[in-house]
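Here are some exercises to work through with the model open beside you. Try each task before you read its solution.

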Amino acid sequence: MSPGEYTRDEIPRLEARASRRFGYLLALLLFGSIMSILAASLFGRLEIPALGVGKSILTGLGLMADPDLDPTWKVVVFNIRLSRICLSLLVGMALAVAGTVFQGILRNPLADPFTIGVSTGAAFGASLALFFGLGSREFFGFGFIPLASLGGAMAALFAVISLGRINGQLRRATMILAGIVVATFLSALISLIKSLDEESVASIVFWVMGSFQGRGWNHFAFALPYMAAGLFTIWVYSRELDMLSMGDTQAKQMGVHTERVRLRLMIGASLLTAGAVSVSGVIGFIGLVMPHLIRMTVGAEHRRLLVLSGLLGGIALLWSDVLARILLPGGEELPVGVVTALMGGPFFCFLLKRRGGGMGL
Amino acid sequence: MIEIKSLFCGYGKREVLKDLNLHLRRGEFTGILGPNGSGKSTLLFAIAGVLPYRSGSIRIKGEEIAGTTFRFRARQMASVPQKSELSFPFKCLSVVLMGRYPFLSRFGGYSRQDMRRALDAMEQTETIHLAHRMITEVSGGETQRVIIARALAQETEIILLDEATSSLDVAKKIQIFDLLRSKSDRGTTLLCAMHDLNLAALYCRRLVFLKDGRIVLNGLTEETFNDENLSRIYETDIKVSQHPITGSPQAHFVPGPHRQPESSVYGPVGRGQVLGPGRTDC
């Protein structure tokens, strides 16, 4: 038989070992997520003992009724801290999954919601709404700003797609360039709006830098349906994501309707991005770094990659937000986008140095 | 099996294939030969349904290609490209399993059967030892054999190969072509675009020569593979002799100083001109 390290008989064992490894990582990250949610609830300006935090969470969930519990504790822990923690977990997950999808579709490990222009589109939509004084308007019970950012994200996606389409064929290199052009152009427009309208600068900065300040359960509830729709779409086409990474021609030869599948995947990833940006502003690096880390650990098979990088992205953003809350001594908050960029930038450089060749850059 | 009638096909404004007619029967092992840019790859892309054609018709088992789905086509034919652009670290086994995609249901996973077929294909191409290695970490020749295994795992009646073995060493080339021949003996229809004339003459029963997007010669290997035809089509002096063991014709190329002065008469083949005993139609 052929020379080599193992024979056919050993493959089921190797497959089982790989599945076990995935199972361990999944369990670890799920456990890590839950522990992170609980642990992060302890951090805050108001000193609340761990027991009080636990009781507050249980009361908030309606699992416990303790008449002696300080009602402010319950409000602080459940309504303020926990909602913000869950939101950052959700947004981190969405960004990491969207990043995985964009990287897979464009076969470029540098692609993420930010480089493809979708994040900036969402921020532009929000800025525009603020500029026209629509900040406080409501639309079918929703705040107008998130809807505006959703519209901006979708408009940016379609601008990038139509720019990247040549002779009816989507060119991935052109698309990445188109994404950079659209992102740069929209950033300039955001700056223009900022300088035209001094009053809304503070709230526009929030969209550009990304922050969870003052976010609560209503924001969580707002983003959830977009996230669910996006995640579902991506899950349905996760196998095709593997095929698309072999290149368009080969994917077609293996029976994938590449144009249709890619468009649906991109819409799914943009829904995730738009949902994320609409409640948190533009947060970089989560979508870029998490897929890399997981790909290096478990390989590029997208079903596993999506699940694990989503969970890791959630945990990473959750703790970034905790840092953003507590890092400055005076009680001031940092925009969380600053924290992710400060940590993600050097970390990404480290990845580049360590595995530059293996990432296909 | 494959029936092509007055096919016109190209990229953008550039017309590559012009009025092409070809008929391939089940189980035939056919080589597509011809100089660079003659349209070999374009023909394979058109048959695989990857490149839409302008006019004419391509039928696979009587079905017009343009009207079929990607899934249908992938169940009829597998393609092996010249090389693959690999960006991400997939396990080689995962790559081979991708060949089973056209047979999967949307929410179903790979069955035991799929796994067995993938492993069979890896055994046949002697890549089983790479199953759990990353495709980005094996050599170019190994990658190519994994891609060939993927096409075999697709278990189609037709396999289209585009310079599939150019990156392999001699022993591996022979091994893959032995394997392809045994597939062909069991009824698989093979169409291989090739640059290696001698490999083509050793294995292909029929040769189709393309030049400037037209078929200039089409016939059985022993009838078409001779000094005159090859020299005209490739525009260089080529001498043919017999293989000492198999008796199949083998080409020898003549370096400059040894070339006959008359060899300059081998000008470009005229448009639509038919050479040799082969026929261009079906």
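**Exercise 1: Polar pairs and the chain A side**

Task: Find how many residue pairs are in polar contact across the interface of chain A and chain B, then describe the side of chain A that touches chain B.

Solution. Step 1: the rule finds 13 residue pairs in polar contact across the interface of chain A and chain B, both residues being at pLDDT 80 or more. A polar contact is a pair of N or O atoms within 3.5 Å; within protein, one must be able to donate a hydrogen and the other to accept it, and residues adjacent in sequence count only if both atoms are side-chain atoms.

Step 1: at least two residues of the touching side of chain A come from each of helix H1 (11–40), helix H3 (71–106), helix H9 (238–244), helix H10 (248–253) and helix H13 (302–326). Helices (H or I, at least four residues) and strands (E, at least two) are DSSP runs, numbered from the N terminus.

Step 2: sort the residues on this side of chain A, and you get 15 nonpolar, 13 polar and 12 charged. Here Ala, Val, Leu, Ile, Met, Phe, Trp, Tyr, Cys and Pro count as nonpolar, Asp, Glu, Lys and Arg as charged, and the others, Gly among them, as polar.

A note before you go on: this is a predicted model, in which local features need pLDDT of at least 70 and side-chain atom pairs count only at pLDDT 80 or more, while totals for chains, interfaces and linings use all residues. Residues are numbered from 1 along each chain as its sequence is written, chains are lettered from A and ligands numbered from 1 in the order in which they are written, and side-chain values use heavy atoms, leaving out hydrogens and water.

**Exercise 2: Area and charge**

Task: Work out what area is buried between chain A and chain B, and how many salt bridges cross the interface.

Solution. Step 1: chain A brings 40 residues to the contact and chain B brings 47 residues, with contact meaning heavy atoms within 4.5 Å.

Step 1: about 3,900 Å² is buried between chain A and chain B, and carbon and sulfur atoms give 59% of it. Buried area is the accessible area (1.4 Å probe) that two parts lose on being put together, summed over both. A:Arg8, A:Arg239 and A:Gln253 supply 19% of the area that chain A buries against chain B, more than any other three residues.

Step 2: four salt bridges cross the interface of chain A and chain B; the rule asks for a side-chain nitrogen of Lys or Arg within 4 Å of a carboxyl oxygen of Asp or Glu. A salt bridge joins the side chains of A:Glu15 and B:Lys91 at 3.3 Å, N to O. Over all chains, the structure holds 25 salt bridges.

**Exercise 3: Strands of chain B**

Task: Trace the open sheet of four strands in chain B and say which strands stand at the edges.

Solution. Step 1: the order is S2-S1-S4-S5, with antiparallel pairing; two strands pair if DSSP finds at least two bridges between them.

Step 1: strand S2 (14–24) and strand S5 (63–64) of chain B are at the edges, each with a single partner strand, so one side of each has no neighbour in the sheet.

Step 2: Strand S1 (residues 2–11) of chain B pairs with S4(B) over five bridges, and B:Lys5 faces B:Ser57 in S4(B). Strand S4 (residues 55–60) of chain B pairs with S5(B) over two bridges, where B:Ile60 stands opposite B:Glu63.

Step 3: look at the hairpin of S4(B) and S5(B), where two residues lie between the strands and B:Lys61 takes a positive phi near 50°.
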